[in-house]
Number of protein chains: 2
Amino acid sequence: MSETRERNEPAAELAGAAEAYDREDELAAKRAEFVLDDGTVYLDGNSLGALPRSVPDRVADVVAREWGRLRIRSWSESGWWQAPERIGDRIAPLVGAAPGQIVVGDSTSVNVLKAVVGALRVVRAGSGADDRRRDGGEVLVDAGTFPTDGYIAESAARMTGARVRAVPADEMADAVGPNTAVALVNHVDYRTGELRDVAEVTEALHRTGGRVVWDVCHSAGALPVELDATGADFAVGCTYKYLNGGPGSPAFLYVRRELQHRFDSPLPGWNSHSEPFAMSADYVPAEGAPRGRVGTPDILSMLALEEALRVWDGVGIGAVRAKSLALSDFFLRCVRQYVPGAGGADGPVRSATPEEHARRGSQIALHCPDAADVTRELLDRGVVIDHRPPDTLRFGFTPLYTSFADVERAARTLGDVLRARRP
Amino acid sequence: MSETRERNEPAAELAGAAEAYDREDELAAKRAEFVLDDGTVYLDGNSLGALPRSVPDRVADVVAREWGRLRIRSWSESGWWQAPERIGDRIAPLVGAAPGQIVVGDSTSVNVLKAVVGALRVVRAGSGADDRRRDGGEVLVDAGTFPTDGYIAESAARMTGARVRAVPADEMADAVGPNTAVALVNHVDYRTGELRDVAEVTEALHRTGGRVVWDVCHSAGALPVELDATGADFAVGCTYKYLNGGPGSPAFLYVRRELQHRFDSPLPGWNSHSEPFAMSADYVPAEGAPRGRVGTPDILSMLALEEALRVWDGVGIGAVRAKSLALSDFFLRCVRQYVPGAGGADGPVRSATPEEHARRGSQIALHCPDAADVTRELLDRGVVIDHRPPDTLRFGFTPLYTSFADVERAARTLGDVLRARRP
């Protein structure tokens, strides 16, 4: 009885607060544009975004009419050929980019290779014969980076005669030196959800003649990304997380306008040729964003993404950021109430995500010794999150469809699971 | 009147022959498994295959249920994670490969980079310090190759310290020398439809310690490809032509089993890690076919392809080859009847495709001075082919759905168009 009372008091208060927040939420109507079910709280949109309601009909039309009826004619008549740049321009305002600098296609990993090799070559082609030209220079990577970035950076360095040095993300600006050609930095740490000061690293590189590659996989669509304003040189991003493009939807590559004519891609496929249908034996790269293309784009995945991006019509990224922070603040408040001892040295969970707004992305990561089991038990109770080894629970908040009621239920269910495990 | 009579005589005879061939065609029933319309003759399946009838429902289920309802759970519960190898094994029998050697994903161009760099590294890691180890060796490419192969081979060579030499395809076996590390050869020439003796080039390379990369884009699904039997080292192929996977469906990479543990990919993305979900900072490549993976696979395009491959159930590639040759033989016979002067030095069209069956793929290429206009006028009359600059008309025959009546109508319409242009 006493346990029930203890739990019910905060539950009633927090459920009421959630209801009030949802009522006042200016993005609340967006939730109806997604396929969600009331029995489930989906907090894994930072891994795979939910399905926007208009996508199934659009995909059906692409398959049945554009492919099935028009067939080859769709490359021109249905606008397939221009899709990579057209969709890039649709993403551009969400990441602070003017049109003409983003092209969609390939996976994030493939785009990391293009960007890191591209950035290295821009530095080498620059004036002056400094160390970066003589010995290839170094590529700094965030020591806690999403693994693929590190693996691909290593391959890029190996094939261009550079070397990789891993440094903790918060020391990266200080680590930039005269030999640093390129730094590959994550805007938001995929594990902890920490938001990095990428502008600071960018400035440090530009002072010494280096170039930056931003990885905005965990920030695009979740918070303001200011590629143009902060002087980003290259950026890569994912579209199946906060941009809801669908499983494995194509990634994107940003090349700053001033660098486009110097972008020397390691993947000069026929789609990036200035006259792709001339079928010329000599490679002449296209100008502008299309230079980042490679082979034939995967049209079904790409056009599903294009349709998914319609949910952003009329949405300002500022409102998204405000709601994201409100959601994660409220989540932390609920966790403190529902999980006895949360945050304490011996407590069952401890947040790995900074309290300060300026250092927080759109997820909360909780350290939890039995994270794998807890993730499974949450799933059994209808709360979908994910687990990153060894001991991290990731709760992702997608402002377009996550409600405050979702957040309250997730924290409450976490409390229930933890209490059941350690009665 | 006399022109009409001259045209009607062969027309009646050839239409009758087409009808008889279609009646006897053991693959005729397959045509009903595709979305086709009677008003159109579609001979561009060598560019984009027609839509198999079962694909729309499958794609709708992937979108609405697997993505929409199960969301992140589908990576395990709907078998998304294993799709690249599972679909690779489905393609394997069509290209003469035992299971476990093919992985699906990325574009053909990206796979050419993996294969050429991979083959170069296998040669260099081999015993003996010959010239190919000291100076990087040479990569032979077919001088008439589909452009992207040449562009990407150039990039692969540049990033690994090798050099590219372009040689005519029919001189490639003779061109192999002690410095040749790798040859990248097209099984079927995309322009002329000529079938190459890839086995001969493979043997020449193996005698001198080199490795071969086959490009089977224009043969996979159209004729027997014997990767295992002929000792192919690496191969890349396309799935949206004769395999009907849909626009931009992912390509595939074959790495011969004996070489898999020596395959050192230039794109070591997290999907190719031995323990991808351990999120380790150190790259340890997976064993087997998964080593050819890179980033997150584009699930919508990939599962559409998987469904499309069901049309191959119960089909032997021998029957496909027999029908393909019968179709192209019949087409040439019809062209000779319907196009006065065809084949002559001053005639309106001249075949660029070899007469001998052993040197013919599954398309007929006709030289035609005003090819672009003729292609457009054929389209206006419901015959879809494509034009490759400067002066080639490509007629592609997809044995699973092209009928002899299609072929007769295409040749007859070509005759009509040419006569109308030069009365």
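This is a predicted model: local features need pLDDT of at least 70, side-chain atom pairs count only at pLDDT 80 or more; totals for chains, interfaces and linings use all residues.
Confidence comes first. The model scores ipTM 0.95 and pTM 0.96. Chain A has a mean pLDDT of 94, and 96% of its residues reach 70 or more.

Chain A is divided by the domain assignment into domain 1, made of 2–53 + 316–421, and domain 2, which covers 81–312. The centres of domain 1 and domain 2 of chain A, taken over C-alpha atoms, are separated by 31 Å. Where the two domains touch, 27 residues of domain 1 of chain A are in contact with 20 residues of domain 2 of chain A. On the domain 1 side of this contact, helix H11 (317–338) and strand S10 (363–367) of chain A each supply at least two residues. H11(A) gives the largest share of that side, 4 residues. By class, the domain 1 side that touches domain 2 of chain A comprises 9 nonpolar, 12 polar and 6 charged residues.

The sheet of chain A may be considered next. Seven strands form an open sheet with mixed pairing, in the order S2-S8-S7-S6-S5-S3-S4 (chain A). Strand S2 (102–104) and strand S4 (163–167) of chain A each have a single partner strand and stand at the edges, so one side of each is left without a neighbour in the sheet. From one strand to the next, the twist averages 20°. Within this sheet of chain A, strand S3 (residues 138–142) and strand S5 (residues 180–186) run parallel and are joined by 4 bridges. A:Val141 stands opposite A:Leu184 in S5(A). Helix H4 (residues 83–91) of chain A lies across S2 and strand S8 (252–255) of chain A, and runs at about 120° to S2(A).

In chain B, an open sheet of 7 strands likewise has the order S2-S8-S7-S6-S5-S3-S4 (chain B), with mixed pairing. Its edges are strand S2 (102–104) and strand S4 (163–167) of chain B; each has a single partner strand, so one side of each lacks a neighbour in the sheet. Strand S3 (residues 138–142) of chain B runs parallel to S4(B), and 5 bridges join the two. B:Asp142 stands opposite B:Val167 in S4(B). Helix H7 (residues 147–160) of chain B lies across S3, S4, strand S5 (180–186) and strand S6 (211–215) of chain B, running at about 175° to S3(B).

How are the two chains related? Two copies of a chain are related by a rotation about an axis and a shift along it.

The contact between the chains takes 63 residues from chain A and 63 residues from chain B. On the side of chain A that touches chain B, at least two residues each come from helix H2 (55–67), helix H5 (108–125), helix H7 (147–160), helix H10 (299–308) and strand S12 (386–388) of chain A. The largest share of this side, 9 residues, is supplied by H7(A). The side of chain A that touches chain B has 38 nonpolar, 18 polar and 7 charged residues. Of the interface residues of chain A, 100% are also interface residues in chain B, so the copies meet through the same surface.

Some details of the backbone remain. A cis peptide bond, with omega about 0°, joins A:Pro389 and A:Pro390. A:Pro390 is found in the loop between S12 and strand S13 (392–396) of chain A. In chain B, B:Pro389 and B:Pro390 are joined by a cis peptide bond, again with omega about 0°, and B:Pro390 is found in the loop between strand S12 (386–388) and strand S13 (392–396) of chain B. Finally, A:Arg71 has a positive phi of about 50° although it is not a glycine. A:Arg71 lies in the loop between H2 and helix H3 (74–77) of chain A.

Terms used: Residues are numbered from 1 along each chain as its sequence is written. Chains are lettered from A and ligands numbered from 1 in the order in which they are written. Two residues are in contact if their C-beta atoms, placed from the backbone, lie within 7 Å. Ala, Val, Leu, Ile, Met, Phe, Trp, Tyr, Cys and Pro count as nonpolar, Asp, Glu, Lys and Arg as charged, and the others, Gly among them, as polar. Two strands pair if DSSP finds at least two bridges between them. Axes are lines fitted to C-alpha atoms, for helices over the stretch in contact, and angles run from 0 to 180 degrees between N-to-C directions. Domain bounds come from an automatic or database domain assignment. pLDDT is the predictor's confidence in each residue, from 0 to 100.
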